[in-house]
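Me: I would like to go through this model one question at a time, with the cut-offs behind each term stated as they come up.

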Amino acid sequence: MSDIVVAKRYAKALFEVAKEKNIISLVEDELKSVASAIRDNADLQKFLNHPNIGNTAKTDLLKQIFEGKVSEPVWNTLLVLIDKGRQSILSALALDYAKVANEALGQASATVYSAYVLSDAQQAEIAAHFSKVTGKTIRVSSVVEPKLLGGIQVRIGDRLYDGSLAGKLDRLAKALV
């Protein structure tokens, strides 16, 4: 529980630094990339989370991998996380940063689930529609989910808009019972 609170604090602090330097989107992309790289490499994860390996060795390894490839605020955040022994919150920090940045910029990320691959024009139409609904600029990512049969489901934050055929059939079945 405390890691969640700490990740939010780090995310807000990093956002303030990124806002000052006018690199909010860059920092978001870099954080996602770094968190993904560490999450996808089990050996690196074990090394960074091992309690018997000193912070200097961890920092040296991160220098080899990330120094010069990420912005100064992201690099300094990585160093602080290692120094404080909080490297395990990096993924949560990246998610919280994205939420803070989206809120401040009036943006929202939407995941669109459909039974088939959506064209760019369809994604743009969905983004435009949900921009009107939410009052925010929507960034769409698409996921193919064949079990929906038809239609789409749109998840924005913790809200799900279900216009799928499977969802309609479920609601009809519940209404009939």
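Me: Which residues have the most contacts inside the largest nonpolar core?
Reply: The model is a predicted one, in which local features need pLDDT of at least 70 and side-chain atom pairs count only at pLDDT 80 or more, while totals for chains, interfaces and linings use all residues. Residues are numbered from 1 along each chain as its sequence is written, and side-chain values use heavy atoms, with hydrogens and water left out. A nonpolar core is a set of buried Ala, Val, Leu, Ile, Met, Phe, Trp, Tyr and Cys residues joined through side-chain atoms within 4.5 Å, where buried means under 20% relative accessible area, exposed over 50% and partly exposed in between, with a 1.4 Å probe and protein chains only. The largest such core has 29 residues, and those with the most contacts inside it are Val27, Leu31, Val34, Ile38, Phe66, Leu90 and Tyr97.

Me: Which element gives the most to this core?
Reply: Helices (H or I, at least four residues) and strands (E, at least two) are DSSP runs, numbered from the N terminus. Two or more residues come from each of α1 (2-21), α2 (24-40), α3 (42-49), α4 (55-66), α5 (72-84) and α6 (90-105). The element that gives the most, with seven residues, is α1.

Me: Which residues does Leu31 touch, not counting those up to four places away in sequence?
Reply: Leu31 is one of the residues with the most contacts inside the largest core, and contact here means heavy atoms within 4.5 Å. With residues up to four places away in sequence not counted, Leu31 touches Leu14, Val74, Leu90, Leu93, Ala94 and Tyr97.

Me: How far from Glu30 is the nearest side chain of opposite charge?
Reply: Glu30 has its place in helix α2, and touches Lys69, Val70, Ser71 and Val74 when residues up to four places away in sequence are not counted. Lys and Arg count as positive and Asp and Glu as negative, whereas His and the chain ends are not counted. A salt bridge is a side-chain nitrogen of Lys or Arg within 4 Å of a carboxyl oxygen of Asp or Glu. Glu30 is buried yet has no salt bridge, and the nearest side chain of opposite charge, Lys21, is away by 11 Å.

Me: Is Glu28, the partner of Arg139 in a salt bridge, buried or exposed?
Reply: The closest N and O atoms of Arg139 and Glu28 are 3.1 Å apart, and the pair links distant parts of the chain, with Arg139 in strand β2 and Glu28 in helix α2, 111 residues apart. At 30% relative accessibility, Arg139 counts as partly exposed. Glu28 has a relative accessible area of 3%, and therefore counts as buried.

Me: Why are Lys19 and Glu16 separated by about one helical turn?
Reply: Lys19 forms a salt bridge with Glu16, the closest N and O atoms being 3.9 Å apart. Lys19 counts as partly exposed at 45% relative accessibility, as does Glu16 at 41%. The separation is about one helical turn because Lys19 and Glu16 are three residues apart in helix α1.

Me: What is the phi of Leu149, a residue other than glycine?
Reply: Leu149 is found in the loop between β2 (137-144) and β3 (152-156), and counts as exposed at 56% relative accessibility. The phi of Leu149 is a positive value, near 70°.
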